[in-house]
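Have the sequence and the 3D view at hand as you read.

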Amino acid sequence: MMAESPRRGVPEATVGRLPGYLRALTELSETGRDSVSSDELAEKTGVRGAQVRKDLSILGSYGVRGVGYDVTRLSDQIAAELGLSQVRPVVIVGIGNLGRALASYSGLATRGFRVVGLVDNDPAVIGSVVDGLVVRPVSALDTFTELPDPVAVGVIATPTAAAQEVADLLVRHGVRSILSFAPGVLRVPADVHVRAVDLATELQILAFHEHQRELADEGQDAG
Ligand SMILES: NC(=O)c1ccc[n+]([C@@H]2O[C@H](COP(=O)([O-])OP(=O)(O)OC[C@H]3O[C@@H](n4cnc5c(N)ncnc54)[C@H](O)[C@@H]3O)[C@@H](O)[C@H]2O)c1
């Protein structure tokens, strides 16, 4: 059975496609478009038209025949479903190559997130400034988690060896959503949501497909 998000039975796979629809709708809106058909949304997001219609109907949105979906209304609806109507504070732990790049990534702000804290444990890094924010020691996590608007997402950009320790620390500070860039599995309590971005795994999957193509080509040459 497909996993469902806890609140109202929106399948996890549908949730995973909503950001793509929202990005396409934002682009359309920026070019002054008022409406869009499900087939155009499908083309822009690489999802089948029938799937787009099904996903949107789960949100209670049905296109008008011959007109399609209202771009603004659908964007608002998806943003509300994703909980983007409020800005969510983010703290990044591990301000090395990747942490610095993430801290300066403007796409976070335009998608409803605000980096409020940068944390590292290296005295050589602590005190440096990245995109207007001073890197703080790990002990400063309290400062961010006790804000009136506490940290919603903790991003882990440390080496793998430190990732579990950092995840434990974030959880102890009440962070319930973690995005980890460190390869490997994190053990967290059941009410903590972890998303992992593993670049090396993605590249290895591409390598597998390259390898299959090479084997097929060799087979053809031999035959
Ligand atoms: N750099 C990339 O392009 C890239 C791409 C994909 C994934 N990753 C992954 O992201 C992670 C970071 O990569 P990087 O290249 O930025 O490494 P990096 O070595 O440049 O930076 C890691 C930072 O984490 C800090 N750190 C280490 N232990 C810590 C702890 N316990 N608490 C707080 N800070 C701590 C270090 O002081 C350092 O500043 C790695 O797990 C890596 O595999 C990196």
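The report below looks at some helix packing and then at an annotated site.

Please keep in mind that this is a predicted model.

**Helices α1 and α2**

Let us start with helix α1 (residues 12–30) and helix α2 (residues 38–45), whose axes lie 9 Å apart at an angle of about 105 degrees. Angles of 65 to 115 degrees count as roughly perpendicular, so α1 is roughly perpendicular to α2. On the α1 side, the contact is made by R17, G20, Y21 and A24, and these meet L41, K44 and T45 of α2. Sorted by class, the contact of α1 with α2 holds three nonpolar, two polar and two charged residues.

**Helices α2 and α3**

Next comes the pairing of α2 with α3, where the axes come within 8 Å and cross at roughly 110 degrees. Because of that angle, α2 is roughly perpendicular to α3. From α2, the residues S38, D39, L41 and A42 take part, while α3 supplies G49, V52 and R53. The contact of α2 with α3 divides into three nonpolar, two polar and two charged residues.

The two pairings are set out here.

| Helix pair | Angle between axes | Axis distance |
|---|---|---|
| α1 and α2 | about 105 degrees | 9 Å apart |
| α2 and α3 | roughly 110 degrees | within 8 Å |

**The two sides of α3**

Which residues of helix α3 (residues 49–58) are buried? They are V52, D55 and L56. These residues are on the same side of α3, because they cover an arc of only 95 degrees around the axis. On the other side of α3, you will find A50 and S57 exposed. The cover over the buried residues of α3 includes α1, α2 and β2 (69–70). Just after α3, G60 takes a positive phi of about 85 degrees.

**The annotated site**

An unreviewed UniProt entry places a "binding site" feature at G94, I95, G96, N97, L98 and G99. G96 is in the loop between β3 (88–93) and α5 (97–103), whereas N97 is found in helix α5.

Is N97 buried or exposed? N97 counts as exposed because it has 9 C-beta neighbours inside 10 Å, and the limit for exposed is 12 or fewer. G96 has 13 such C-beta neighbours inside 10 Å, so G96 counts as partly exposed.

Definitions and conventions:
Residues numbered from 1 in each chain as written. Predicted model: local features only at pLDDT ≥ 70, side-chain atom pairs only at ≥ 80, totals over all residues. UniProt positions renumbered as here; feature names shortened; annotations may be inferred. Helix = DSSP H or I, 4+ residues; strand = E, 2+ residues; numbered from the N terminus. Buried ≥ 20, exposed ≤ 12 C-beta atoms within 10 Å, placed from the backbone. Axes fitted to C-alpha atoms, helices over the stretch in contact; angles between N-to-C directions. Parallel < 35°, antiparallel > 145°, perpendicular 65-115°, else oblique. Contact = placed C-beta atoms within 7 Å. Nonpolar A, V, L, I, M, F, W, Y, C, P; charged D, E, K, R; others polar. Arc of directions from axis to C-beta.
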